[in-house]
Amino acid sequence: MSFFNQNTDHYWRNFATRSLLVFVTVIVIVWFLPRNEGLQFSYDIGKPWMYGSFIAKFDFPIYKTDEAIKKEKDSIIHAFQPYYHFDNNVERSEIEKFCEEYKNGIPGLPDGYVNLIATKLHEVYETGIMNTPEFNELFKDSTSSIRIIQGNNAIQTPVGRYYSTIAAYERLFLDKDLASKRSIIQKCNLNEYISANMVYDKEKSDAELNDILSTIPIASGMVMSGQKIIDRGDIIDANDYLVLNSFEKEMKRRSATETEITTTVFGQTLFVLILVIIFTVYLALFRQDYFNKARSILMLYVLIAIFPIIVSLMIEHKFFSIYIIPFAMVPIFIRVFMDSRTAFIGTVTMILISAMAVKYQYEFIIVQLIAGLVAIYSLREMSRRAQVFKTAIFVTIASSLVYFSLQLTQTNSINKLDQQIYIYFAINGIFLLLSYPLMYLIEKAFGFVSDVTLFELSNTNKGVLRNLSEIAPGTFQHSITVGNLAAEIANKIGANSLLVRTGALYHDIGKMTNPVFFTENQAGVNPHDRLSHKESAQIIISHVTEGLKLAEKFDLPSMISNFIATHHGTGLAKYFYVQYKNEHPEEEVDKAPFQYPGPNPFTREQALLMMADGVEAASRSLPEYTEESISNLVNKLIDGQVAAGYFLECPITFRDIAQAKAVLIERLKAIYHTRISYPELKKSEKTEEINTEE
């Protein structure tokens with residue numbers, strides 16, 4: 001009953017965790033999805049209408065485009081006549097300043113010239129002076145006019161009748177009374193006494209301009225209820241596009257007082273929830289090994305959620321094109337760390353969710369599905385990171401060809417094809433190369449080990465394995481042989497051969513600490529002869545703990561460290577245990593000093609390593625290598641491991657074990673060159689043979 005309760009608690013805890021993960025994933029995705037209020041269709045000028053006959057269900061105006069309204073506004077602003085008024089204080093202040101500074105006269109000129117210049121300044125001010133930049137801006141068009149406020153009236157006058165500050169200065173010297181004395185008068189710096197006395201009335205000008213702009217109609221016509229707008233297959237022209245846009249704007253306007261946003265969010269939530277649940281059910285039914293591992297399911301949901309979020313942000317902020325997003329990263333990562341079928345299901349889920357935020361959903365879904373399939377196919381065997389480069393090229397080519405074919409079905413002229421999209425596909429391919437460094441980050445973040453990493457770890461010319469070959473060459477050769485045996489079994493039963501081979505190469509690295517204490521590294525002298533059986537057992541057992549320390553020091557993945565910890569399980573250092581027990585027949589022997597720390601294997605690959613390791617080591621002590629002796633050895637050792645319960649915690653079957661035995665027997669026969677026994681010649685036959693040779 002206690003066991004049943006524990007299983008029930010575990011089941012509900014697991015169910016609650018997965019449900020929470022689904023809920024969080026859906027909420028995060030929907031939070032970022034754009035709210036497309038009102039009915040929206042996918043359409044564009046020059047493309048066919050892909051839906052049924054569209055008939056207006058209510059009257060609505062044909063709204064002008066933003067560009068058309070802006071053009072009208074610009075035209076009104078250009079023709080607008082701003083308001084100005086004269087500031088008489090400017091003239092009085094400037095002339096008084098001039099008269100004050102030259103009250104004693106102008107050197108070189110008669111006394112009357114001060115009053116004459118003051119009179120001429122008055123005439124210029126009386127006409128009107130504007131700031132030069134302001135005058136030049138208004139006078140770009142010679143027909144421009146302004147309105148001068150005089151009391152309660154505003155008089156329209158051409159800008160050209162007034163002076164700029166520069167023109168006013170020049171006007172003084174064009175006067176016949178002053179022209180002859182120009183060289184002397186210029187020393188007075190008359191421009192210091194010329195300021196704009198025509199002041200722009202910003203408040204009145206802005207108020208009237210806004211009133212005029214507010215009268216611009218936002219619509220250019222009406223569509224009546226029951227009027228057919230477009231039929232299926234019709235090519236959309238500029239007018240159709242304007243009418244369809246107007247319909248969507250009207251739907252948005254009407255939905256402002258209804259519950260459209262609420263229903264949009266509900267619809268998005270329901271859609272995303274259905275897809276995520278379907279994906280989760282797939283994992284629960286067909287990939288329980290992923291479903292039961294928190295890191296696996298977390299990585300899958302992160303990959304499925306992150307790309308719809310990126311799409312939503314780009315759509316919301318109108319940033320570049322979504323076709324630069326490397327969606328093929330999702331199938332690449334899932335394929336590398338898991339399997340092809342899960343990669344395809346995950347890709348479909350991610351693409352369909354992303355399509356919620358996209359306008360042209362049909363093209364988007366088709367292009368990205370093909371790109372995902374190409375990515376999966378191109379990574380059938382991922383042995384080098386350089387394959388990511390090939391995948392990027394294949395995905396770019398496939399995306400371009402698929403989109404090109406879709407364009408050909410929608411237009412009757414190659415000249416009308418969208419050229420810009422192919423640049424986006426090229427950028428997408430470049431971004432896809434980021435899969436290379438990101439693969440490493442995913443390994444570290446979620447604790448996965450890719451096939452590429454395993455290939456790199458199995459390189460015997462560097463790192464720990466190189467040290468092993470130099471310090472403990474016998475152990476190194478033993479590890480290679482065990483790896484080959486275990487890998488062949490894995491291929492036979494459908495396990496991960498690359499993983500078990502790599503694990504086998506590292507399983508005995510702890511022997512580097514005391515290499516001479518292990519028979520494969522000894523050369524005639526056995527240091528155990530000087531030690532007690534318990535001391536010898538501790539040294540032998542320590543190669544597991546020392547191996548784990550080295551694995552941590554060299555930052556080996558936990559998946560590889562597990563092979564070090566489990567290759568002896570919780571078994572005994574049997575040789576020394578039996579020796580000690582034989583020497584102390586009356587003593588109740590404590591097994592603890594002779595027992596490996598474990599744990600026992602908990603994956604099929606670890607179980608295969610235990611079998612191959614035990615059989616390969618024991619086979620070296622056989623007195624003769626015949627088919628019978630090898631078969632007996634293999635069956636005895638592996639049956640003993642099964643009987644000891646070493647494989648109770650791993651999902652290996654009796655069929656797997658039987659196939660493992662068969663492979664080990666065949667491989668050991670080949671390694672030790674077993675052959676049939678040849679018959680001996682009889683004495684007479686021997687004599688005859690010798691005479692013949694002579």
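**Helix α29 and beyond**

Mentor: Start with the buried residues of α29: Asp656, Ile657, Gln659, Ala660, Lys661, Val663, Leu664, Ile665, Leu668 and Lys669. Keep in mind that this is a predicted model.

Trainee: What do the buried residues of α29 pack against?
Mentor: Three helices: α22, α27 (604-619) and α28 (627-643).

Trainee: How far apart are the end C-alpha atoms of α29, and what should its residues span?
Mentor: The ends are 25 Å apart. Helix α29 covers residues 654-671, so 18 residues at 1.5 Å each should span 26 Å. The two values agree.

Trainee: And which residue with a positive phi follows α29?
Mentor: His673, with phi near 50°.

Trainee: Back to α22. Where does Thr475 sit, buried or exposed?
Mentor: Thr475 belongs to helix α22, residues 473-493. Its relative accessibility is 0%, so Thr475 counts as buried.

Trainee: What does Thr475 touch, leaving out residues up to four places away in sequence?
Mentor: Leu468, Asp508, Lys511, Glu520 and Asn521.

Trainee: New topic. Which residues form the nonpolar patch on the surface?
Mentor: Leu20, Phe23, Val24, Ile27, Val28, Trp31, Phe32 and Leu313. Together they have about 770 Å² of accessible area.

Trainee: Which helix gives the most to that patch?
Mentor: Helix α1, residues 2-32, with 7 residues.

Trainee: Take Phe32, which is in α1. Why does Phe32 count as partly exposed?
Mentor: Because its relative accessible area is 31%. Partly exposed runs between the 20% cut-off for buried and the 50% cut-off for exposed.

Definitions and conventions:
Residues numbered from 1 in each chain as written. Predicted model: local features only at pLDDT ≥ 70, side-chain atom pairs only at ≥ 80, totals over all residues. Heavy atoms only, no water. Patch = residues over 30% accessible without salt bridge, like charges linked within 9 Å, V, L, I, M, F, W, Y side chains within 5 Å. Areas by Shrake-Rupley, 256 points an atom, 1.4 Å probe, with all protein chains shown as cover. Salt bridge = Lys/Arg side-chain N within 4 Å of Asp/Glu carboxyl O. Helix = DSSP H or I, 4+ residues; strand = E, 2+ residues; numbered from the N terminus. Buried < 20%, exposed > 50% of the residue type's maximum accessible area, 1.4 Å probe, protein only. Contact = heavy atoms within 4.5 Å. Expected span 1.5 Å × (residues − 1).
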